[in-house]
Amino acid sequence: MRRSGTGPDREAGTPHHLVLQGVPLAGLPPVVPEHLRSWSVSWSAYAPVDITPPELRPGAGLDTSVADGWAEPATDPAALPDLADRHAAALIAFQADAQGRPLHPGGRTGKTGRNLGKWGENRAVDPIVIAGTGRYQRVLLIRRSDCGAWALPGGMVEPGESAPAALVRELAEETGVDLNGFVPRAADLASPHPCGAHCRV
């Protein structure tokens, strides 16, 4: 993932939901029962864990992240002059709480706080690369440096960058697979997708 600075991303700072026999481990988000996941269901005892990393907390951490160019300085999304425009332009509609903070479109997660550089929708790409055929197909994964888990390569779409260009850039940065100049054949294209072509490599 290309970023100036060391913001929270797949390589550093992203907490993981770990559960041992249904009991959350200390300091990690609680398990959200399926029947309480929806924001439309009242849950007065809901107590999510704040996952905001030091890089996005007010003070020196946020100041550095803003200076590095990957985070915006606003600590209160309700004060953003373009908040309504962000809601209207979102690819996936999202609601906000009473303080203007975005709510996860999938419902409660057990987490709260800011874990991305921008308030609202943050565009990301995660290329799925499959090599081989039949029973010899393999999926290209990376090993995360923060927790050692295997994951799809990918990252954030940078300002002014198209999603297909970000996909090519992230894949090259994280795996060394360079698709620059690759033009998919008609047989390689899947159904049209708003974020770009799907191709077999």
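In the predicted model, a salt bridge joins the side chains of Arg169 and Glu158, with an N to O distance of 3.8 Å. This pair links distant parts of the chain, 11 residues apart: Arg169 belongs to helix α3, which spans residues 163-175, whereas Glu158 sits in the loop between β10 (155-156) and α3. Arg169 is buried, because its relative accessibility is 11% and the limit for a buried residue is under 20%. Glu158 is partly exposed, at a relative accessible area of 23%.

The side chain of Glu161 meets that of Arg169 at 2.8 Å, N to O. With a relative accessible area of 15%, Glu161 is buried. A salt bridge is also formed between the side chains of Glu173 and Arg169, at 3.4 Å from N to O. Both Glu173 and Arg169 are located in helix α3, where a separation of 4 residues places them about one turn of the helix apart. Glu173 is partly exposed, with 35% relative accessibility. Salt bridges link Glu158, Glu161, Arg169, Glu170 and Glu173 into a network. The structure as a whole holds 8 salt bridges.

Helix α3 also contains Glu174. This residue is buried, its relative accessible area being 16%. A polar atom of the Glu174 side chain lies 2.9 Å from the backbone nitrogen of Gly154. In sequence, Glu174 and Arg143 are separated by 31 residues; in space, their C-alpha atoms are 9.8 Å apart.

A nonpolar patch was identified on the surface. The residues that make this patch are Ile128, Ile130, Val139, Leu141 and Trp150, and its area is about 490 Å². Ile128 is placed in the loop between β5 (124-125) and β6 (130-131). The relative accessible area of Ile128 is 56%, and this residue therefore counts as exposed, the limit being over 50%.

At the level of the whole protein chain, the secondary structure consists of 3 helices and 10 strands. Their order along the sequence is β-β-β-α-α-β-β-β-β-β-β-β-α. The protein chain has 201 residues, of which 27% are buried. Arg169, at 11% relative accessibility, is one of the residues that count as buried, as is Glu161, at 15%.

Contacts were also examined by separation along the sequence. Of the contacts between residues at least 6 apart in the protein chain, 56% join residues that are at least 24 apart. The accessible surface of the protein chain amounts to about 12300 Å². Carbon and sulfur atoms account for 58% of this surface.

Definitions and conventions
Residues are numbered from 1 along each chain as its sequence is written. This is a predicted model: local features need pLDDT of at least 70, side-chain atom pairs count only at pLDDT 80 or more; totals for chains, interfaces and linings use all residues. Side-chain values use heavy atoms; hydrogens and water are left out. Patches are made of residues with over 30% relative accessible area and no salt bridge: like charges are joined within 9 Å, nonpolar side chains (Val, Leu, Ile, Met, Phe, Trp, Tyr) within 5 Å. Accessible areas come from the Shrake-Rupley method with a 1.4 Å probe; for residues, only the protein chains shown count as cover. A salt bridge is a side-chain nitrogen of Lys or Arg within 4 Å of a carboxyl oxygen of Asp or Glu. Helices (H or I, at least four residues) and strands (E, at least two) are DSSP runs, numbered from the N terminus. Buried means under 20% relative accessible area, exposed over 50%, partly exposed in between (1.4 Å probe, protein chains only). Contact means heavy atoms within 4.5 Å. A polar contact is a pair of N or O atoms within 3.5 Å; within protein, one must be able to donate a hydrogen and the other to accept it, and residues adjacent in sequence count only if both atoms are side-chain atoms.
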